[in-house]
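Let's take a quick tour of one protein model. We'll look at a pocket and then at some ring pairs.

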Amino acid sequence: MTGAILLYESAAVRLFHRPGPSDFTLIAFAANTAPVATQGWASPAIAGRPELDLLAVTAERMHWYPAAAVAALLPVARAAAKPRRLTLGVAMGGYAALKYGAALGAAAAIAFSPQASLDPADAAFDDRARLYFRRADHRGHRVQATDLPPATLLAYDPLEPTEARHAALLSGLPGVVRAPLPHAGHAGLRILGEGGDAPALFALALAGRMEEAARLLRAARRRSPRIWLALGLHAQRTGRLGRMAALLARALPPAAGPPQARRAGQPGAPPPGGPGPGRAPLAAPAPAAPPPAAVGPAADPLARLHQRLARNPRDEAAHIALVNALAARGDKPAALAAARAAAAALPESGRCQARLGQLLAERHPAEAVPVLQAAMALGHATESVRHALVHALVALGRNEEALAAAREAVAALPDSQHCQAQLGLLALRTDPAEAVAALQAAIALGNAQPGVAHALAHGLLALGRREAAIAALREAVARLPGSLPLWMLLARLLEQEEDWPAAEQALRTVLTLDENNADAHLHLSEALRRQKRIREAVAAFRRGEALGPDRELLRIQRYRMFGELG
């Protein structure tokens with residue numbers, strides 16, 4: 001996106017302004033961490049419309065725009081925006097468009113596939129709650145009625161279970177109009193851009209005509225080649241080949257040939273035998289214009305892959321390339337449908353079975369296990385296939401089988417850091433000695449994951465080797481100085497060893513990485529108290545207390561500091 005001016009920057013978010021002549025300002029929140037200068041930042045429905053007066057909010061990490069990160073940005077955005085404002089976003093960005101719509105003074109919000117909350121108390125069904133929720137950052141994270149602007153459009157795929165459950169949490173809020181887009185996945189905004197419907201949608205939203213806006217979105221979905229592709233793949237998977245051919249024909253219209261290739265009698269062909277009576281003489285031929293840039297579905301690499309498969313449904317390379325291309329675009333439903341079609345077309349292909357199993361492992365582990373086992377039986381026992389099989393078995397609670405599969409993987413691929421790490425993590429509870437050996441091997445082979453180093457320390461502790469655990473953590477933080485969990489575990493072990501100066505140093509590093517870590521402030525207060533630095537200890541305690549730490553830790557540390565049990 002060219003012409004964007006940086007208005008605000010922090011460690012968490014950035015705000016850019018691209019001035020435009022539109023009579024309103026579109027405030028768009030990014031769905032990911034792509035820089036605003038790249039194509040990954042936004043759909044052409046936004047970035048490709050220079051007439052829009054655009055404020056673009058980008059995220060420096062996947063944090064779901066916590067209130068503390070956005071608080072200082074909001075007044076800057078309000079000052080730069082025109083009086084009429086519309087907030088917009090997809091997924092994480094859709095959440096922010098809703099959560100901060102009223103605070104930004106927007107007349108309306110349009111959210112595609114948004115989350116209602118990251119708090120596990122609201123969204124335990126969403127794995128992202130487990131991965132990204134942080135108590136100190138995400139208090140009051142759920143979207144409330146008071147957060148919303150006067151009019152809100154909620155677009156989502158009802159066939160995506162997690163997306164549909166977030167939509168159910170949001171749909172009861174006042175002023176929210178739903179626009180279900182089956183088979184769209186997270187591509188709702190891209191569908192809007194395909195047909196050039198963005199200006200009309202924005203105008204309806206700003207006018208508060210959200211029911212009409214929802215109808216417009218549904219109509220855009222019905223015209224979308226992307227949807228026809230998804231439906232065609234679904235028809236192929238369910239054996240309805242006639243319907244598949246019709247849908248793919250709509251999604252992939254044949255490209256027109258060059259004018260000189262047209263035959264006499266075809267539309268646009270010159271009349272035979274010269275101009276003829278009453279016709280002007282033919283002008284001298286104009287210089288050939290350069291061929292236009294390829295546009296539309298036929299220019300899409302996906303279209304070329306579908307055309308290859310239409311010519312040869314048993315083209316293994318095309319099947320795999322199609323699955324990988326859809327997965328790379330983030331279109332998981334379409335990628336899974338394509339993988340199912342590939343496995344059905346080529347049941348003897350270990351590669352196709354493996355790719356299907358890998359995609360199934362995340363959300364459909366019971367279906368993934370036999371598919372991955374079939375891939376291995378067909379000779380495709382690669383590292384990634386073995387890893388996915390273990391993951392699926394763990395997800396099903398079949399831990400003994402998972403451990404056996406992990407041991408087989410290490411026996412087959414002893415130089416694989418990933419197989420060694422997976423075995424170490426699985427063996428940690430049942431056999432710490434086996435776990436330590438595997439985790440040490442993974443690290444020696446170059447594994448730099450903080451979780452592996454963290455697990456190694458716990459394995460050593462389980463074997464009673466505290467000094468070795470501290471030494472391993474010191475080596476780990478030297479390799480991974482930005483890992484907060486490793487520094488925090490090191491600080492706790494140093495506390496237990498009563499090495500208070502070293503514990504203080506580790507805790508101060510934690511607070512350099514996260515100044516709002518309430519528990520770290522309380523632990524720091526104890527390290528300072530033990531060194532007789534009472535004033536500093538009290539200040540650290542008060543800071544931690546204000547940030548809302550773990551209640552039991554707060555009770556214990558209050559008693560240590562002041563002799564109060566309450």
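The lining of the second largest pocket splits into ten nonpolar, five polar and five charged residues. Here, Ala, Val, Leu, Ile, Met, Phe, Trp, Tyr, Cys and Pro count as nonpolar, Asp, Glu, Lys and Arg as charged, and the others, Gly among them, as polar. Keep in mind that this is a predicted model: local features need pLDDT of at least 70, side-chain atom pairs need 80 or more, and totals for chains, interfaces and linings use all residues. Residues are numbered from 1 along each chain as its sequence is written, and side-chain values use heavy atoms, leaving out hydrogens and water.

**The pocket**
- A pocket is an open set of points on a 1 Å grid over the protein atoms alone, where a 1.4 Å probe fits, with protein on both sides within 12 Å along at least five of seven lines; lining residues have an atom within 4 Å of a point.
- Of the 20 lining residues, Arg61, Arg134, Asp137, Leu513 and Asp514 lie nearest the centre of the second largest pocket.

**Aromatic pairs**
- There are five aromatic pairs in the structure (Phe, Tyr or Trp rings, using the six-membered ring of Trp, with centres within 6.5 Å; planes under 30 degrees apart are stacked, over 60 edge-to-face, the rest tilted).
- Phe24 and Phe202 make an edge-to-face pair, 6.3 Å centre to centre with 70° between the planes.
- Both Phe24 and Phe202 are buried (under 20% relative accessible area, with a 1.4 Å probe and protein chains only).
- Phe29 and Tyr65 are edge-to-face because their ring centres are 5.4 Å apart and their planes sit at 80°.
- Phe29 and Tyr65 are both buried too.
- Together with Tyr100, Phe29 and Tyr65 form one aromatic cluster.

Definitions and conventions. Buried means under 20% relative accessible area, exposed over 50%, partly exposed in between (1.4 Å probe, protein chains only).
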